[in-house]
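This report describes a DNA contact surface, a helix pair and a sheet. The sequence and structure come first.

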Protein chains: 2
Amino acid sequence: MVDDQPPLPPTLADVAELAGVSRQTVSNAINSPALLRPETLARVQHAIEALGYAPNRAARHLRTGSSRLIGLRMSPAQEFTADATMDRFVHALVEASREAGYHVLLFSGGPVVAGERPDLLAGYDALLRSTAVDAFIVTDTYLGNPQASWLAERRAPFVAFGRPWDDETSGHPWVDVDGAAGTRLATEHLLERGHQRIAWLGWREDSRLGEDRRAGWEQAMAARGLATDGLAVRVEDTLDAGWTASAALLDTAAPTAFVCASDTLAIGVLHTLVARGLRAGPDVGVVGFDDSQVAQVVPPGLTSVRPPLEQVAVELVRALRRLLAHEPHQAEGVLLTPTLAVRGSTARG
Amino acid sequence: MVDDQPPLPPTLADVAELAGVSRQTVSNAINSPALLRPETLARVQHAIEALGYAPNRAARHLRTGSSRLIGLRMSPAQEFTADATMDRFVHALVEASREAGYHVLLFSGGPVVAGERPDLLAGYDALLRSTAVDAFIVTDTYLGNPQASWLAERRAPFVAFGRPWDDETSGHPWVDVDGAAGTRLATEHLLERGHQRIAWLGWREDSRLGEDRRAGWEQAMAARGLATDGLAVRVEDTLDAGWTASAALLDTAAPTAFVCASDTLAIGVLHTLVARGLRAGPDVGVVGFDDSQVAQVVPPGLTSVRPPLEQVAVELVRALRRLLAHEPHQAEGVLLTPTLAVRGSTARG
DNA sequence: CTGAAAGCGCTAACAG
DNA sequence: CTGTTAGCGCTTTCAG
């Protein structure tokens, strides 16, 4: 434990000296290599290699005004739900960002004061004012969330994962997953397997996301001319709510299958089936939404609608680059179609 | 879509002008407020407030050499396992970092070239050379992982989540969870519930982490004078391996309970029980490790060892601050004790 | 306690 | 195509 100071990284000047050129030429070699004579370029690149040089990000940021950082707010982790979908999304986003030369900066929403509603905007504000990030990815676009309009007001560059439900004219770029298409897929899958009395287990009516997903079930049922009366129920997105509601539904409407707005609710259905000695799949079909890890490992495997998160991340970053380059973005946003991961919970016999 | 340029954030000079002082005085008001006369300080603070000023991070970074950023490498997400523990940890880390005035920068390990082993170090190297982060949190400290020694060699500041299994003398700060204590807790819990033939379902022998966890089971069994012959098996950390191995173990050794090295393996046991018409809890006790979301929601609830990730994050950040302040760190690292989340899979009757 | 000057490493404008 | 100059916004000397 003698001299623990890390060696100072080489600067542009060091490279210039070694290559026998001016600092500016080194800068050009990195940012506009076409300007250099091939011979000079090679010499500079060799020096860069030899010294292990990489441009200092702070200096570059100060000079260019771009931090090459994308801010993402981590919403508090939900325990006792199945929606660990954030994990997969963050991975995908980091990967997509890297390919575009960006890093992801994580932040949370300021100190949580007991008794007070946490300030969702504090984190954005601090980052914005200190010019720490070039742009934000906004994920919680549920109705009434002030983030999007607040950012738009401040002219902060951002792209939303989720449609602007509350404001059709907001005009910011967004990417979303077509929930209706997903549940349509789920319902059709159950219909193909011979189910007719297919129930909907969804969220409360004020959730636009939930209504979107519900619509897919309704459409698929209507397309077959099947009645849906008494087959739908709307509850909170909790395990217990799914448990209770599915038990009640089995008693009142005797469905042979459930399409659910989330894996959390679907797992609730599985609990009901276990309690009644029914088998998920052969006895009662169950489909979730999110394709969470839980869906993948829970016995007998939960069939689930899988959002294309990798694709979402790629589209978000693409929209972001366009935005930062001040290119006009497509007015309508990007809507991606999920797939269906079929597992034991919809197996017959 | 007229003038979409966000307004330029105010600078130190703007604040100085408004407050009628020099730029230096504003800087002092922020960094060494004790130096100012209370009256002046109040005036400056008022100006800061009025303008919504926050110091430009790039400029500060360039000047002080500190980015106030902590680098964390996202390892590729595992599908079909229960270990979504990263999510909870990242949250906790973001929170702990915020309280210390740091943000978390996420990165991944360079481009993955087909056929080649991905370069774990590329991401670290790039960040280090461009002085993008002040320090790293390293999470994959399994045996043979080159990250720690590579970083140490470069004198890069880092703290490890996980003991330096391969090198007792490595001398870098670390924080870890006492796996043996966790499985001891798990085993004692089963013993209290009347189990005697308690099996161990763990990882391959070359996993030091797995051996640590196994030791707790052995200790608890030995303390009661119970034999463990034929009751232990070591497999890969996959659902299928847990499934197969537990089935074999039930046939050969007839255990009444399983302590597992991971939730993934424990879920494998649940699959075996379902297939045999046995009930987890009343018929066969099962305990996992990680307290993943899966453990929380899978019927009938998986009892699991819960690593104190929030505490881990706090200790990691504490060690990091000490390291960056060049204070001597405690030689031994910090070992934290997990708790046991008791659920239906260990309920009797 | 407050003000003036220097410079962190880089790139955008110019001059050669 | 290459070299010189200036300055991004901040903090750290050093004088007053």
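How many nonpolar, polar and charged residues does the surface near DNA strand C have? It has eight nonpolar, 10 polar and five charged residues. Here Ala, Val, Leu, Ile, Met, Phe, Trp, Tyr, Cys and Pro count as nonpolar, Asp, Glu, Lys and Arg as charged, and the others, Gly among them, as polar.

## Basis of the model

The model is predicted: local features need pLDDT of at least 70 and side-chain atom pairs count only at pLDDT 80 or more, while totals for chains, interfaces and linings use all residues. Residues are numbered from 1 along each chain as its sequence is written, chains are lettered from A and ligands numbered from 1 in the order in which they are written, and side-chain values use heavy atoms, with hydrogens and water left out.

Helices (H or I, at least four residues) and strands (E, at least two) are DSSP runs, numbered from the N terminus.

Polar contacts are pairs of N or O atoms within 3.5 Å; within protein, one must be able to donate a hydrogen and the other to accept it, and residues adjacent in sequence count only if both atoms are side-chain atoms. T40(B) places a polar side-chain atom 2.6 Å from a phosphate oxygen of DNA strand C. R63(B) instead has a polar side-chain atom 3.1 Å from a base nitrogen.

## Helices α1(B) and α2(B)

The axes of α1 (residues 12-19) of chain B and α2(B) come within 8 Å and cross at roughly 105°. Axes are lines fitted to C-alpha atoms, for helices over the stretch in contact, and angles run from 0 to 180 degrees between N-to-C directions. The two helices are therefore roughly perpendicular (65 to 115 degrees).

In contact (heavy atoms within 4.5 Å) are L12(B), A13(B), V15(B) and A16(B) of α1(B) with R23(B), V26(B), S27(B) and I30(B) of α2(B). By class, this contact has six nonpolar, one polar and one charged residues.

## Sheet of chain B

Six strands form an open sheet with mixed pairing, in the order β7-β6-β8-β9-β10-β12. Two strands pair if DSSP finds at least two bridges between them. β7 (232-235) and β12 (339-341) of chain B are the edge strands.

Technical notes. Parallel < 35°, antiparallel > 145°, perpendicular 65-115°, else oblique.
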